Amino acid sequence: MGTDVQLIQQHLQGDPQATRALIERHQDLVYNLARRLLGDAEEARDAAQETFLRALESLAGFRGDCTFSTWLYRSAANTCIARSRQRRQRRSREVPAADREPADESAPSSLDLVEQGERDEQLHQAVAELAEPYRVVIALHYFQQLTGAEVAQVLEVPEGTVKARLFRAQRLLQRKLNPRGGRKIR
Amino acid sequence: MTPYDDCRPFQDQFGDYLLGRLSPAEALGFAQHLRDCAACRQALALERRLRAVPPVAAPADLAAAVLAQRLARPAPSGWIRSTLGNTAADAAFRTLVDPLLQLDLELRGAGAPLRRLVAGALAGLQSHLYREGNKLGQRLALPLLDASRQVRAALAGPPMPQ
């Protein structure tokens, strides 16, 4: 199997095997990001499919300014952000704000009280509740294991911005996970 | 408690600390800070939890689903020519059309009946391609149909004597 660039060239020449190889090489990373950003497995699958379809259709315009995976991550992140916003808008139309269940601010710290599965669920829930810019940097940095510089390239923002968002995201997560133990964020 | 901003240099080092990338001097300073700072211990525990989240594998049929959806979508403008068109049309010419063009050249002096026979065979090929196109998807069949139409047009040439 060739490099990404070779596979892209073969795909553009109409080689369906190259197209399949390109998808299979990156599908875990794209799906994992979608799953972490959207939560729901079906929604993540749809987002991953949409990401690949869009990417394949616009590959002729890929200039190689960054690696293919960075370009694909950017596309996946944008697709997930758009889907996430649509979902939020749908929900806000379906359930009036006054009827929505308020966040449980008084929940006790459960770090040492619950099983691992529940702790993971709690962590994912806390990440899911973060505002979009923080959720995206957490997903790219921790779940996709990209460096700060790589996250900056994907999001097309300065590395300092990524670091600041990560720092603030960690503070917000700590507050959500340990409402009584975290310090106030300035 | 340590002022919030004082912790940031240490918290920026969490990744390096967990991956064992700190120098001995940095590791010592880091450990001392951790001992004194409950907030950083808590933050480090969160860092560990985030890094320990296992990756989720894509569904096994994701690539197949993308390829199927791609075939089902209407072709964007210029898509056939830029991708399938070039290769499929070239292949069609090489395997189907070139031999027929060669046959046409050889039949130039052979008279109308034989030329009509070849034209009829090409019409049959076209309808076969059309039927197969419904099965294989129009994207694959269109370049082949296009190629066979060109051959028919070439074969038609000047009006054939009756």
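The model is predicted, so local features need pLDDT of at least 70 and side-chain atom pairs count only at pLDDT 80 or more, while totals for chains, interfaces and linings use all residues. Residues are numbered from 1 along each chain as its sequence is written, chains are lettered from A and ligands numbered from 1 in the order in which they are written, and side-chain values use heavy atoms, with hydrogens and water left out.

**Chain A**

- Chain A has eight helices and zero strands, where helices (H or I, at least four residues) and strands (E, at least two) are DSSP runs numbered from the N terminus.
- Of its 186 residues, 46% count as buried, a word that stands for under 20% relative accessible area, with exposed meaning over 50% and partly exposed in between (1.4 Å probe, protein chains only).
- Among the contacts in chain A with a separation of 6 or more, 59% are accounted for by residues 24 or more positions apart, and contact here means heavy atoms within 4.5 Å.
- The accessible surface of chain A is about 10000 Å², and 46% of this surface belongs to carbon and sulfur atoms; such areas come from the Shrake-Rupley method with a 1.4 Å probe, and for residues only the protein chains shown count as cover.

**The contact between chain A and chain B**

- Chain A brings 45 residues to the contact and chain B brings 37 residues.
- The area buried between the two chains is about 3900 Å², with carbon and sulfur atoms giving 59%; buried area is the accessible area (1.4 Å probe) that two parts lose on being put together, summed over both.
- One salt bridge is counted between chain A and chain B, and it joins Asp61(B) to Arg45(A), whose closest N and O atoms are 2.9 Å apart; the term requires a side-chain nitrogen of Lys or Arg within 4 Å of a carboxyl oxygen of Asp or Glu.
- Several helices of chain A give two or more residues to the side that touches chain B, including helix H1 (4-12), helix H3 (41-57) and helix H8 (159-177), but H2(A) gives the most, with ten residues.

**Ala58(B)**

- Ala58(B) lies in the loop between helix H4 (38-51) and helix H5 (62-72) of chain B.
- This residue, Ala58(B), is buried, with a relative accessible area of 12%.
- Leaving aside residues up to four places away in sequence, Ala58(B) touches Gln27(A), Asp28(A) and Tyr31(A).
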